[in-house]
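Please examine the sequence and structure below before reading on.

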Amino acid sequence: MPNPSAAMLVVGDEILSGRTRDSNMHHLAMTLVEAGIDLVEVRIVPDDPDAIINAVRALSESCDHVFTSGGIGPTHDDITAENVARAFDLPIAIRGDAYGILETHYAAAGLDFNEARKRMARIPDGARLIENPVSAAPGFIIRNVHVMAGVPTVFKAMLANVLPGLAGGEKVLSETLRLECGEGDIACQLGKLAEKYPDLSFGSYPFRENGCYGTNIVVRGKSADQVEGAIDDLKTVVMN
């Protein structure tokens, strides 16, 4: 049985403009590998209602799980929540439990719980809250879409709260073999190995260090015996 599939939707003009470097994708990919969930697609869209709505609908239909990052803060351009709601034709409004969490948090911090901060209590009808132990403002889950903050520390904390509730499959294992030769020198042999081990994936990543060229071959799969067998075969091919 194949592992559950996942997609990530990153929302934000700041990502597309290069002003902000996204680290959440890397963290999500590494975390999902450990959970036995295959990340199969990542999309980055601007702070545009139609772009968010269309992406949420498409990814929700094509994957078992969707994780969004960004656009649920207090500012005018934080528009992810309402457009996820629109993607599923759901109303959205300030919800009592989310409001209470935020009100308590800002009171304890001695900060004004102003209208901008109250925006973060808007939750689509029927959604479940995602706890935010870092800055209180919750994310939410609607159907198979997990809506989370873009701030890396908050994203990580929310993801840690979400994952225990998701069923995973088999963990994908990987091994890397460093070769002191170029990709072109081993391309034919690598193709034959890929045919021999159809259940494995083979990645070829060239590098250059101190004026010398080399290639890292990454073998990935769910069977430790097959991964190790492919690495051994590759070593034999290179030695010969």
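Asn144 counts as buried, because its relative accessibility is 16% and burial means under 20% relative accessible area, against over 50% for exposed and in between for partly exposed (1.4 Å probe, protein chains only). Asn144 sits in the loop between strand S7 (139-142) and strand S8 (145-148); helices (H or I, at least four residues) and strands (E, at least two) are DSSP runs, numbered from the N terminus. The side chain of Asn144 makes a polar contact of 2.6 Å with that of Ser60. Such a contact is a pair of N or O atoms within 3.5 Å; within protein, one must be able to donate a hydrogen and the other to accept it, and residues adjacent in sequence count only if both atoms are side-chain atoms.

The model is predicted: local features need pLDDT of at least 70, side-chain atom pairs count only at pLDDT 80 or more, and totals for chains, interfaces and linings use all residues. Residues are numbered from 1 along each chain as its sequence is written, and side-chain values use heavy atoms, with hydrogens and water left out.

**Salt bridges**

Side chains of opposite charge can pair when their charged atoms come close. The structure holds ten salt bridges, each a side-chain nitrogen of Lys or Arg within 4 Å of a carboxyl oxygen of Asp or Glu. The table includes three of them.

| Pair | N to O distance |
|---|---|
| Asp89 and Arg57 | 3.9 Å |
| Arg122 and Glu82 | 3.1 Å |
| Arg178 and Glu180 | 3.1 Å |

Asp89 and Arg57 form a salt bridge between distant parts of the chain, 32 residues apart: Asp89 is in the loop between helix H4 (80-87) and strand S4 (92-94), and Arg57 is in helix H3 (residues 49-62). Asp89 is exposed at 66% relative accessibility, whereas Arg57 is partly exposed at 34%.

The salt bridge of Arg122 and Glu82 ties together parts that are 40 residues apart in sequence, because Arg122 belongs to strand S5 (residues 122-124) and Glu82 to helix H4. Both Arg122 and Glu82 are buried. A network of salt bridges links Glu82, Arg119 and Arg122.

In the pair of Arg178 and Glu180, Arg178 is partly exposed, with a relative accessible area of 41%, and Glu180 is exposed, with 56%.

**Negative patch**

Asp13, Asp48, Asp50 and Asp77 form a negative surface patch. Patch residues have over 30% relative accessible area and no salt bridge, with like charges joined within 9 Å. Asp13, in helix H1 (residues 13-16), is partly exposed at 34% relative accessible area.

How values were computed
Patch = residues over 30% accessible without salt bridge, like charges linked within 9 Å, V, L, I, M, F, W, Y side chains within 5 Å. Areas by Shrake-Rupley, 256 points an atom, 1.4 Å probe, with all protein chains shown as cover. Lys, Arg positive; Asp, Glu negative; His and termini not counted. Charge placed at Lys NZ, Arg CZ, Asp CG, Glu CD.
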